[in-house]
Amino acid sequence: MGFKARDRARRKESGDDKASTKAKEGIEACGVNGCEGWSDASMGGRSISVNDAEDMWGKGYTARKNRVRICKSCYRSWKKSNKQDDHHY
Ligand SMILES: [Zn+2]
């Protein structure tokens, strides 16, 4: 008893916490303001048009050349709210 908790504390101290998602760093930050996700394709990121982004987040995003790069979780929530317009089924 207590061994596990102590082990976890030790690992945190040494900075060897690779299992945590926060340790995983991408290159492209998510374009949605306040989101700390990564929009790298290798991490499931996608890019959507500024029109789509505005529907979802208003002005709360950062665009680059009329595209907004967003992370996997932002894309999923965007897709969810746009399902009624999705005719690619
Ligand atoms: Zn995001």
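1. A residue is called buried if 20 or more other C-beta atoms lie within 10 Å of its own, exposed if 12 or fewer do, and partly exposed in between, with the C-beta atoms placed from the backbone. By this rule Ile27 is exposed, because 11 other C-beta atoms lie within 10 Å.

2. The structure is a predicted model, in which local features need pLDDT of at least 70 and side-chain atom pairs count only at pLDDT 80 or more, while totals for chains, interfaces and linings use all residues. Residues are numbered from 1 along each chain as its sequence is written. The mean pLDDT (the predictor's confidence in each residue, from 0 to 100) is 82 for the chain, and 67% of its residues reach 70 or more.

3. Helices (H or I, at least four residues) and strands (E, at least two) are DSSP runs, numbered from the N terminus. The chain has three helices and two strands, and along the sequence these follow the pattern α-β-α-β-α.

4. Ile27 sits in the loop between helix H1 (3–14) and strand S1 (46–49). Although Ile27 and Asp40 are 13 residues apart in sequence, their C-alpha atoms are 6.4 Å apart in space.

5. Of the 89 residues of the chain, 19% count as buried. Which residues make up the largest nonpolar core? A nonpolar core is a set of buried Ala, Val, Leu, Ile, Met, Phe, Trp, Tyr and Cys residues joined through C-beta atoms within 7 Å, and the largest one here has twelve residues: Cys30, Val32, Trp38, Ile48, Ala53, Met56, Tyr61, Val68, Ile70, Cys71, Cys74 and Tyr75. Helix H2 (50–57), strand S2 (67–70) and helix H3 (72–81) each supply at least two residues of this core. In soluble globular proteins, nonpolar side chains tend to be buried together.

6. Two residues are in contact if their C-beta atoms, placed from the backbone, lie within 7 Å. Once residues up to four places away in sequence are left out, Ile48 touches Ala53, Val68, Ile70 and Trp78. Of the contacts in the chain with a separation of 6 or more, 53% join residues 24 or more positions apart.

7. Leaving aside neighbours within four places in sequence, Gly60 is in contact with Val32 and Asn33; Gly60 and Asn33 are 27 residues apart in sequence but 5.3 Å apart in space, C-alpha to C-alpha.
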